[in-house]
Amino acid sequence: MNPNISLSQRYLNKLGISQSLAPTLDNLKILLSRHLHSIPFGNVDSFLGNEVSLDIEYLSHKLLEQDRDGYCLEHSSLIAIALRELGYDAFNVLARVYYEQTPVEAPNRTHLVTVVRFADDQLFLFDPNFGGMTPTQVLSLHLIDEAQQTPHENFRFIAVSETGLSEKALTDMKVMLQVYLNGRWLNLYALNPEQIPAKSDIMIANWFVSTSPQSLFTQNLIFSVITDEGRVNFRNGALAIYGENKIVKRQLTSSEEIQEVLATTFKLNIQNINFQKIMLKLERLGFPSFDNQ
């Protein structure tokens, strides 16, 4: 890690961008696309019970130079600073997740996103880190009830009052992000772009996500990345590729297969993670045991 190179330059290097970029909306879209293809979403550290640090120098080394994975709190903490160095008015917001659930009480604010404000006060969501259903295009927070196209699914924002959820389940939230799947709109997460979290709020969210036995990320090994084939998602040995006109799913059947997929598809440096410990925990979760680990 070279301390003489700025975080934003290390970020551009990781994304394979050699030229300087003016802080425009078009260039923000380029950054999101490159990020989705270059830095995998994943949760090795929380899955293995390791500390998940949000120290920026540590994160930049981990995500930009070690070819490692990270989840939303790691990605977005890094992104906001890198974008500000590049001249964007960027800030983080904590969202409540509703995907595949209809809670009666408000879920914890655990999903960290980045919002970018332009000179005309227009706000845009920059979120490459919602795992297997992350929006693959920058989305306008001012287009309410309007479908916004991405290279993959359509997304839209609606007022939380239109979600059908109780007020108790939507405390302090303003808009809900939805995705259009299988002929219907599904809730993903709600946020309030006017509610900027304190650093302590983000730290508490990270502590819960990385340590609680109720957290998805302590009980499952999850990876997601965008490739030329489409969305590629991994969960506890099950691999799914969502292409333009087809879905390919397969169960990985050996530790060698898993290692190869992590190294080639998700571009992880296997030398920088404890792969044997990963396999041992997957076995405890029901993944088959193999002699040739």
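How many residues line the largest pocket, and which of them lie nearest its centre? The lining holds 45 residues, with Y99, E100, F130, G132 and M133 lying nearest the centre.

Before the rest, a word on the model. It is predicted, so to speak of local features we need pLDDT of at least 70, and side-chain atom pairs count only at pLDDT 80 or more, while totals for chains, interfaces and linings use all residues. Residues are numbered from 1 along each chain as its sequence is written, and side-chain values use heavy atoms, with hydrogens and water left out.

Now the terms. On a 1 Å grid over the protein atoms alone, a pocket is an open set of points with protein on both sides within 12 Å along at least five of seven lines, whereas a cavity is a set where a 1.4 Å probe fits but cannot get out; lining residues have an atom within 4 Å of a point. Points are joined across faces, edges and corners, and a volume is the space filled by probe spheres set on them. Helices (H or I, at least four residues) and strands (E, at least two) are DSSP runs, numbered from the N terminus.

**The largest pocket**
This pocket holds about 1500 Å³ of space. Two or more lining residues come from each of β3 (109–117), α6 (199–211), α7 (216–219), β10 (222–227), β11 (230–235), β12 (238–242) and β13 (247–251). The largest share, five residues, is from β11. By class, the lining has 21 nonpolar, 15 polar and nine charged residues (Ala, Val, Leu, Ile, Met, Phe, Trp, Tyr, Cys and Pro count as nonpolar, Asp, Glu, Lys and Arg as charged, and the others, Gly among them, as polar).

**The second largest pocket**
Here the space is about 280 Å³. Of its 14 lining residues, I56, S77, N92, K199 and I202 lie nearest the centre. At least two lining residues come from each of α5 (72–85), β2 (89–97) and α6, and α5 gives the most, with four. Nine of the lining residues are nonpolar, two polar and three charged.

Best wishes
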